Amino acid sequence: MVLVSMAASAITPETALAQDEPPNEALSAGLPAEVSVTNRGTVEMHVSELPLSDVLQLLSLEGQRNIVTSPNVNGTVTANLYDVSFEEALEAILVANGAGYRFSDNFVYIYTNEELAEIDAANAPPPESKVYRLNYISATDAKSYVSSLLADDETIAISPAPAEGIRSDAEDGGGFANAAQDFVLVTARPEVHLEVEALLREIDIRPKQVLIEATILRADLKDENALGIDFTLVGGVDLELLGATSRGITNLALGLLPTDRYEQFNSNATTDFASNVTDGGLSVGIIKDHVAIFLRALEEVTNTTVLANPKVLALNKQKGQIIVGQRDGYMTTTVTETQAMQTVEFLETGTQLVFRPFVGDDGFIRVEVHPKDSSGFISVQGLPSEQTTEVTVNVIVRDGETILIGGLFREVTNDARSQVPGLGNLPVVGALFRSKSDSTVREEVIILLTIHIVKDRDAYADASREQFENAERLRVGVRQGLMWHGRDRVAQAHYHKALDALSEGDRDKALWHLNLTLHNNGLMMPAIRLKEAILGRRAWEDDGTGGRGFLHQLISQERGYRFIPFGRPLPAPIQPDTQGASTDGTIEDADS
């Protein structure tokens, strides 16, 4: 091992012949600094407050490296390094002094950090532009992520944002809005493009989907009881002379009082409690002499159950909404200083479900959900009124589990009593002078939400196809209930007979039934296609209008080819035979 010692900034020959022992004691005692490089290329250094230029000179001599230092590099070094590589030693003494190095061929160039930044900027390749097309995230979101990777002189541009929401306005047709795929245009250096590609590959992935199945059960139980007793007392009047009439012994209608009875004392006492009881139930009437008693009793129980079971697929973090109900319109008026404007608003009632799922990677789903069940009406004055049951929750469930939202219970009890003051409070006979009506209305809403993470899209596609086929079976089943002699039923019957005849190989019979099918239902597409397949040509013909193919004919003439309307084959030339009959079976005129 060769030892090099320095006193101040001078290197003496005596220090170059030092021994291999570590100079810790000598350095601590203020002896000259020592820098050594072994045959293995490792460096051992013990210096204290030595100028950086001197240390680099020692490393150059001992390591036999070509070190070129910038004039702007300066500083001092205090270090004790043991068995480190040349690069590690160089890095250690330069970092502490705000400098760095670059290797070029057999030279080591030492620069300040500012000089290195300028050199890197001058030698860096020029920025290049590249378009990254996005599949699932928006260009605005991609810009917010990619911008953190770009330097000050690197830029990013994005495609125009699409319109938000879905409206049915006829005027909102899109215009010149961007209809292409979202993208970002990044102008950056090649190494930055590699980072951008890796980032977008991680975040631009297909979002997860959930299937939400909601069951909303609303049960209304209404229990009403009513009892009313009426009596009529007539004094001093002969009912036979009055010509009294009775309608089913439910009430008593007295005729005109004869004039010869006016001078006598007449009296009448009547109650009207039975009218408080609605029609139906039990009605009993008794008329005897001058007394009439009528009793009406009603007990009514109404049990109403409304069940809704909507299902919908939704993307992660996207709002979904289901409305199964009706919209009732009403007018609103806005009055200003100059004019009054009327607009139409809508009251939405029925079963509604608004939700937003957040799908996790651990099999759990957080979902914001707002179920609502309501009913309402518009008054004669045009004012809306709504009775609703709704709840807003934010819960976490496991994939496939069901959320139960219950306890939405309300009970209303009404007890009404009508009576003659004083007499209605009498025991026993007080019942003749009063009526009573009581009702109990109980309402309960139960909401069940089952949420599934969509994993196998093919399975859900098959399930959707099965539901579509079931709907078609239902539609066909309903049509089977139509009368047998209706045009649709007759067309279906002939179409099925055409299929049977075709399976037996009887083409003429099949065509005959197809013609009858189209005669009864000219829009039956399966019959039209089957007839085309049997005839080997299109079954529809020109309608004789001149403008139908006018433009096509002009274009074909300009381009030099013969126009074949709607893809029909050109008609074959008719060659008359010796009998005067053409090849297609039509009779030709001899003069032609």
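At what angle do the axes of helix H9 (residues 487-503) and H11 cross? They cross at roughly 30° and come within 11 Å. Keep in mind that this is a predicted model, where local features need pLDDT of at least 70, side-chain atom pairs count only at pLDDT 80 or more, and totals for chains, interfaces and linings use all residues. Residues are numbered from 1 along each chain as its sequence is written, and side-chain values use heavy atoms, with hydrogens and water left out.

**H9 against H11**
- Helices here are DSSP runs (H or I, at least four residues), numbered from the N terminus, and their axes are lines fitted to C-alpha atoms over the stretch in contact, with angles from 0 to 180 degrees between N-to-C directions.
- The angle of roughly 30° makes H9 roughly parallel to H11 (under 35 degrees counts as roughly parallel, over 145 as roughly antiparallel).
- H9 passes H11 in a left-handed crossing, meaning the near helix is turned anticlockwise from the far one by less than a right angle.
- Tyr495, Leu499 and Leu502 of H9 touch Pro526, Ala527, Leu530 and Ile534 of H11 (contact is heavy atoms within 4.5 Å).
- That contact has seven nonpolar residues, no polar and no charged; Ala, Val, Leu, Ile, Met, Phe, Trp, Tyr, Cys and Pro count as nonpolar, Asp, Glu, Lys and Arg as charged, and the others, Gly among them, as polar.

**H10 against H11**
- H10 (residues 507-520) and H11 (residues 525-535) have axes that come within 10 Å and cross at roughly 150°, which makes H10 roughly antiparallel to H11.
- This crossing is left-handed, and the residues in contact include Leu511 and Leu514 of H10 and Ile528 and Lys531 of H11.
- By class, the contact splits into nine nonpolar, two polar and two charged residues.

**H2 against H3**
- H2 (residues 52-63) packs on H3 (residues 86-95) at about 175°, axes 11 Å apart, so the two are roughly antiparallel.
- Leu52, Val55, Leu56 and Leu59 in H2 meet Phe86, Leu90, Ile93 and Leu94 in H3; that's eight nonpolar residues, no polar and no charged.

**Largest pocket**
- The largest pocket has a volume of about 590 Å³.
- A pocket is an open set of points on a 1 Å grid over the protein atoms alone, where a 1.4 Å probe fits, with protein on both sides within 12 Å along at least five of seven lines.
- Its 17 lining residues (an atom within 4 Å of a point) comprise eight nonpolar, four polar and five charged.
- Ile137, Ile205, Pro207, Asn316 and Lys317 lie nearest the pocket's centre.

Conventions. Grid points are joined across faces, edges and corners, and a volume is the space filled by probe spheres set on the points. Angles under 35 degrees count as roughly parallel, over 145 as roughly antiparallel, 65 to 115 as roughly perpendicular and the rest as oblique.
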